[in-house]
Amino acid sequence: MTTLIGVDVGGTHTDVAVLCEDRLVRGKAPTRYENFAIGLLDAIAVAAEALDLSADDLLRRTDMIVNSTTVVTNAITELRGARVGVLVTAGFRDTFRLGGGPRRNIYDDHLQTNMPDLVARQDIVEIHERIDYAGKVLVEIDDDEVAHAAGQLITESGVTAIAICFLSSYQNPENEQRAARVIERDWPDVFTSASHELVASRGESRRWTTAVLNAFVHESATQYVQSVAEELRAAGFAGRLAFFQGVGGAIGQERALRYPLALLGSGPAGGALGACELARTRGEQRLLLGDMGGTSFDTGIVFDGELPIAKKVDIGPFKTGADLVDIVSVGAGGGSIAWISERGTPQVGPRSARAKPGPAAYGQGGIEPTVTDAMVVMGFIDPDSYLGGRQRLDAQAARQAVDERFAAPLGWSTEEGAAAIHDLAVVNMALAVREVTVERGHDPREFVFVAFGGTLPMFAAEIATELGIGTVVIPRNSSVFCAQGLLLADFVVRRDQTVDWLVADEGDLDRVRESAETLVERTAEELRADGFEVSEMTVSRSGSLRFDGQTYELPLPMPDRPLMAGDGDLLTQGFRDAYERLYGAGTAWSGAPVCLRDYTVTATAGALHGTWVSDSVTTSEGGEPGRRQVYLPDRRAWEELPIYRDGSISAGDTLEGPCVIDATDTTIYVPDGASAHRESTMAYRLTLEARR
């Protein structure tokens, strides 16, 4: 039988989901920043114990491990990366400061701060080369000039990575390829990042920024990928090791090392993949997903079981050409720090205590109050049973941090300060949900809210109430749901190519068809490098279309074959229909030509993933609920609530709020007026009263 492991290395905890024969178990352990592989192995050991195996035995019988990580996200967020040098087309040295605008906020004078510098200006060297818009080489590259520039950057500036950013390389990569070969010949240990390999579409500023970011994060990603691989092999793992991408789908170790930026946002992407499977199994058309762990809250929407992909996303302040699963993140996790601004305004996040020192309650030297500390103060978290009793929390340290650094300066009691931290976290998360729903034209009341992560089940009902959502689903194994989503991962290669085709011009069809089929061959070749045969691959095609002259495009499926005569009419009608579905009847620009800007190919190869265990579980531990004093935030008062053990609740049971459900690695709060029903899949369905 196949054994699979999904691993999600988060900012505070490392989560593991194991599908071993017919059993699905989970493990969770603190993330170890000094060596991420240690936390990973600790979490695997917890899961192995649930299977009555040693960690070594489990690893020896494991066929594949799929891993997601926050390492790349953290490197960009904290601006801690490699020193990068850039070779750029002569005359375009300052594109990195001017492209997209040099200021981060043009609407608020107080927020008009300069863009952060990923590359020092003296580390950007102009190269005399030129390719025109159609891909014709106007000025050939001089290998000696490239060798001299690279040597100067490496020996004098001390760069460890070089991004190659030449104009129009998306149409013809010849000059970038030659430059890369020269650097790799003379300096084989220096990481190179050529812009055409990452983004083959028009727009030099976004393409070049993507290449620089790929180089910037390579040291952190390389250290992470290699240490995980080495530690797992040393522990007896001999199966296939894969890394999850932020665009969805797995890649092998070599591609992860070559394109480390692909690992950006991989954890939330795993949760989105799991939500798609949940939508399929539940027959739901619209799911709103939420994931709250130790450092952030991530949210997005799923329509008809399709993984939502955002094209050319902004990564923090940086405008890039990268495609990612469409997720919005805010700094609202269990480790998010509560603080008071210079104007005396209470705030929560985005700074996090992370795993070390962690919340004050961890007893590891943390002194700043966090969301977790607030929930300990309010009695929602039992200090003696945190992580199934493997970690005992210091309730007094949590009270001291909340009181001294947050509540007392504002003139509040400790409990009032904790409740304010709770309320701010709920508001921050509700605003993020509004961003992916209301601000994009969706009514959140039409969605089922799927809440997962180790922390969100404590807040999910209150977030839903804020937004008028009537149903919350907390899936089985919710605390490791992102890791569980990785068990479904296929290997995926996704590539774009700008073609700029007026679809009515069939005289230009041969050029477009040739570009598209070259893209198909390239994606298949990359999957072959990951060990798959062509017979194991599935290829899907799509395009980005717009009316000629517009700035933004709409995605549209392409025919599942090479383009042929007559397809232009089909694409025109399909685009007009999609346009009016989105913007309203009569909005299509009558008589305007339609342009296919980018052609996209996604090649998929099925990995070893199995099916989630979803059989009904009707047995339970039984027993009467306990009782605990809990400070209710809406009432600002202590109340004794029934406390149910997760293992005591059978499929078919319904609990009325207010009550608390204690699981091994999460806590579920059912507020007054709500009920929690345990479904046959062992998920909880919370039904909420309509908002007053």
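Predicted model: local features only at pLDDT ≥ 70, side-chain atom pairs only at ≥ 80, totals over all residues.

Strands S20 (residues 336-340) and S21 (residues 346-352) run antiparallel and are joined by four bridges, where two strands are said to pair if DSSP finds at least two bridges between them. Together S20 and S21 make a hairpin with five residues between them, and in that turn glycine 344 has a positive phi of about 85°.

Residues are numbered from 1 along each chain as its sequence is written, and side-chain values use heavy atoms, with hydrogens and water left out.

A second hairpin is formed by S2 and S3, with two residues between them, and here glutamate 21 in the turn has a positive phi of about 55°. Strand S2 (residues 13-20) runs antiparallel to strand S3 (residues 23-30), and eight bridges join them; valine 16, for instance, has glycine 27 in S3 as its bridge partner.

Now for the chain as a whole, which has 18 helices and 34 strands, these being DSSP runs numbered from the N terminus (H or I, at least four residues, for helices; E, at least two, for strands). Of its 692 residues, 55% are buried, and buried means under 20% relative accessible area, with a 1.4 Å probe and protein chains only.

The buried ones are Ala460, Ala461, Glu462, Ile463, Ala464 and Leu467. Their cover includes helix H14 (414-436) along with strands S22 (448-452), S23 (471-474), S32 (667-670) and S34 (684-687). Just after H15, glycine 468 takes a positive phi of about 75°.

Finally, if we look at contacts in the chain with a separation of 6 or more, 67% of them are between residues 24 or more positions apart, where contact means heavy atoms within 4.5 Å. The C-alpha atoms fill a box of roughly 80 × 60 × 60 Å, taken along the principal axes.

Conventions: Buried < 20%, exposed > 50% of the residue type's maximum accessible area, 1.4 Å probe, protein only.
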